[in-house]
Amino acid sequence: MSKGETLDSARWAAALAAGLILAVPATAQDARDTIVHGADEEPATLDPAQVEPGAGGEAVIFHVYDRLLAVGPGSAELLPSLATQVPTRDNGLISEDGLTYTFPLREGVTFHDGTAFTADDVKYSWDRVIEMDLPESASDILSDKIAETRVVDDYTFEVTLNEVDASFLYSSVLPMTASIVSQDAVEANGGVVAGEPNEYMSDTPVGTGPYRLTTWNRTENLTLEVNDDYWGDMAFDHVRWEFGLDPDVRVLGLRAGEFDTVETDPSYVADLEGAEGVIIYSEGLLLEPLHIGFNLNIPEGALPEGDTIPLDFFHDVRIRKAFNHAFDYNAFINGALAGFGQVNPHYVPIGVFGYDPDAPIYDTQDLAEAERLFREAGVWDEGFTVSVVVESGSLFEIQCLILKDSIESLNPNFRINVAGVAEAVFDEALSQNPVEYAMWAKNGDPAADPSAYLETYSHPDGEWGEVHGFANGYADPGAVGALIDAIAEELDATVRAGMIAEAQQVLYDDPMWLIGAQEGAVTAYRDWISGMVIQPLWPRPSMNFALYDKAQ
Amino acid sequence: MQLRDYIIRRLIALPILLLGVSIIVFSLTRIAGSPVGVYLSHEMSQEEVLQIEQRYNLDKPLPVQYAYWLRGVFQGDFGWSGVASAPVAEVFPAKFAATMELSVAAAVVAVALGLWLGTYAGVRRNKMPDHITRIVAVSGASLPLFWFGIVLLIVFWANLGWFPVGRSTNDIWESIAHPTGFYTIDAILAGSWTALMDALWHLVLPSITLGFGAVAIIARMMRSSLIEELQQDYVDAARAKGLPERLVLKRHARRNALVPTVTVIGLTIAFLMQGAIAAEIIFRWPGLGRWMASAVVRGDQATIMTYVLFTSVLFLVANLIVDIIYAKLDPRVRLGD
C-alpha cells in the first residue's frame, strides 16, 4: 500500500469520526422527562387475569391499572382508590355477619380508551379472572373466597364471600389480580374464554391508572406515558423500563447516568457506595422470606443417587430444629445480603399485620444445640447425605451453600449436596406432587396479609402442607390447622393479633421451613430523582414511579 | 459441472438437510427435558401443569409434537417464546435484523481492517510495521471477546462516556419508521442524519469487540498469501515489464492472495454471528444472541429450535456463496467434482 493510499484511508476515517462526534451532541439532550429504569425481569403478560404473583408483570400492572383499594408509602394502612371508602364494620360497609362487602365507587373516572368506569367494570374484571381461571394466575384469591359479585348501581359494587375472611381486603382486593379492566375493551378483543389467555389483554392494558402503555419492544424495553386524564395525583414523568440487562451492566449504567433508577440487590451495594451522584435507598424488608423447605412426603425411590436419608427423615422435629439452629444467619445476612436483611418468625414476615417482635425466632447459629438435637435424633454417628435443589446462580443457591457449610462443619459424616439447576428445571421439579427432593430453596410469594403466608406455608392442608406432608411432622396438625383457620376468620384486629402471636410460637416449636432471612428492600438511583420512596407492599421492585420527579 | 447446475443441486439438497437437522435437534432438546418448564412457576399444582401442557400440545407423544412443530413452521408459526413472552415468529425478525446489522458491521470492520493490515504487513515483511501487525493479530486472536468487550465498556462507556450502550437512543429510534429492522438502512430510508449517526455511534463498541478477533485471522491469512504471491515468477515478470509497484500489488498479487483469504473471510463471517452472543450480552444489543442465551438457560425450546433451524439455513447458504465466489475468483476450480 502506497503512502498516498494510506493518506486517503486516514482522511476517510477522520471524516467519519468527525461526523460521528458532531452527531453526539445532538443526541445528548434526550430522555430529559422520562425516568429510565433498569429492570430485573420483563413481564410475561400485562393481563391481571393471567399475571403470576411476584412476576415482573405485576409492577407494570400496578402503574397502568387501579384496584378498589391501595396502600401508600410508609404504612400498611388501606386507602381508598377506585372505591371511595375502605369497608369496615364501623362504617357499615362490611355486613354484620362479615360476609358482604360494599364498595362505593369513584365517579368521573375514565379508562385509557376514554370509556367511563362503572361498577359493571368491577364485576366484569373479577368475574373474568374467576372464569378464565388460568393456571399461571392467582385466580384462587378470588375464586376460593367469593360466592357472588353484584352491581347495586353504577357506582356501588358488592361482593359476598363463602365464609368470613379477615384477610379479604388485603389478600383479594389489593393484589394486582384484582385490577379493574375495561369491559368494553375486553369484549371488543376476544372476550372471556374459560381456560384460555386473551392475547390482546396480555400486551395491551386498558386501565384507569396514572400511566398508559405506549410501546413494548420485547426483551428490550417498555414505555409508559403519563395519563393526563388520571383521576388522582398526576405522575411527574414518563417511564421507560429497560430489560434483559445483566446486573453488572445495570450497575454500570446507573453510574454512567444511563439509568435513573435500577433494580438491584444488596450484593451490589458495595459497587455503588460512594459512586458519584448515586444514592442507595433502603426501606423495610421485602415480603418474600428466603426459605428452605423440608419435604415430609418423599416418594419411594425418588431421591437423587447419593442421598442416604430415610424417607421420614424430616418427620422428626428435632432434625428440623437442628437444621434451623445450625444455619449461619450472620454469614447469610451480612455476607450475601450485605447487611440488608432480617430473620422473621415462622411464618409471618416482618412488616405484615400480626408480626410479633417478641416472637421466638431462629436468628443465631447455635451449633451446640444443633449437635444435641442431631444426637438425640440418632443420626450423629451414622451421619447423612441429603440434596437440596435450587436455581443455579441465584441468591437462593448462596443460602444453600451457607447451609452446606453450616451442617458439614458440625460433623464430617454430614453432607449436603447443593443441586443447582436451571430455573425451568427447578420450576418443573417443584410442580411435581410429591416433590422428588428432600429439600429445596426459594423465596415465598409476597402477600399483604398474614393468613396468606400461614395458609400457604404452614397449614397442614394448605398448598405446601399437602405437598410436603406437614401432617406427618406436626405434633398436633389438627390444632395447627384450627389455629390458622381461626386467624383467617377473626375480624377483631386485637384478638387476631393475639392469635397470630400464638401461631408464631407454635411454629417456632414445630418448624416446617428454614428461613434464612427477609431480604432488605434496596434500590439505587441518581441524585436528580426526587421523591424516592419504596413500599414492600407494592409489587417488586416496590416502587411507584408516579411519585418520582426527574430534574436532570 | 456448470455453475448453474451446481447451484440447483445444492438448493435441492437444502430442505432435505434442514429436515435432518431439525429432527436431530428436536430430539436432542427433548432428551434434555420437557420444554414445559419455561412456562411454569414453582408453585403450580400438577393439574395446572397439565393445563399448560395441553395449551402447548406438550402432552402428546414426541413424534406428534414434532409434527405439530413442523406444521407450524410451514404456517409461519414457530411456537411461543417463554423468554420473550410472545410468538417466536413475531420477535424473530427484529432480533435477526439486529444481529445481522451487528455482524455485518463487525464483518466490515474485520474485512476492511484485516485486509488493509494484512496487505500493509505483507509488503513490509519483517520490518517494524510487520511486527506491529503481528502483535495486533496475536492479541486479537488471544484476547477473550468477553473480557475485551467489558474493558471497552468500562473505559469508553462507564468512565469516559464517549460511546453509548444498546442499539439506539430511544427517542431517536421512535422518531423514524423501521420497515427493514436494520437501523442504519431505516435511517437512510427516512432521510434522518440524526438517526443514522445514532445507529453508527451505537455500533462502534460492539462491532469493534466482535470484529477484532476476526481482524487477526484475516490479516494473518492475507499477509501469508500476499508474501507467497509476491515471490511468484509472474510478479517478477510484471516488475521487469516496468509496471509500477502499486499496480503489481493491486492488479496481480493482491487479487491472487485474496483467493484463500476469501475462504477464511466466509468462515469468519459465519462465526461472527455466533460470537455475537457475547457482544450482545455485554453491550445490551437486542439481537438473537442475547435472546438465545436466555432461551438456553431457561429451557425455551421453541426459541432454540427456531434459532437452530435459522442458523442451519444461514450456514448452508453461506457455504454455497463462498463456493461460488471461490469458483469465480479462480477459474481453475471445478465444482461438484
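Which residues of α18(A) are buried? In this predicted model, local features require pLDDT of at least 70 and side-chain atom pairs count only at pLDDT 80 or more, whereas totals for chains, interfaces and linings use all residues. Residues are numbered from 1 along each chain as its sequence is written, and chains are lettered from A in the order in which they are written.

The buried residues of α18(A) are R496(A), M499(A), I500(A), A503(A), Q504(A) and L507(A); a residue is buried if 20 or more other C-beta atoms, placed from the backbone, lie within 10 Å of its own, exposed if 12 or fewer, and partly exposed in between. Seen down the axis of α18(A), these buried residues fall within an arc of 150° (taken from the directions from the helix axis to the C-beta atoms), so they line one face of the helix. An α-helix has 3.6 residues a turn, so residues three or four places apart point the same way. T494(A) and D509(A) are exposed on the face turned away from the buried side of α18(A). The cover over the buried residues of α18(A) includes α15 (450-457) and α17 (477-489) of chain A.

Chain A contains 18 helices and 19 strands, defined as DSSP runs (H or I, at least four residues, for helices; E, at least two, for strands) numbered from the N terminus. Of the 552 residues in chain A, 50% are buried. The C-alpha trace of chain A spans about 85 × 80 × 40 Å along its principal axes.

The contact between the chains takes 45 residues from chain A and 47 residues from chain B, two residues being in contact if their C-beta atoms, placed from the backbone, lie within 7 Å.
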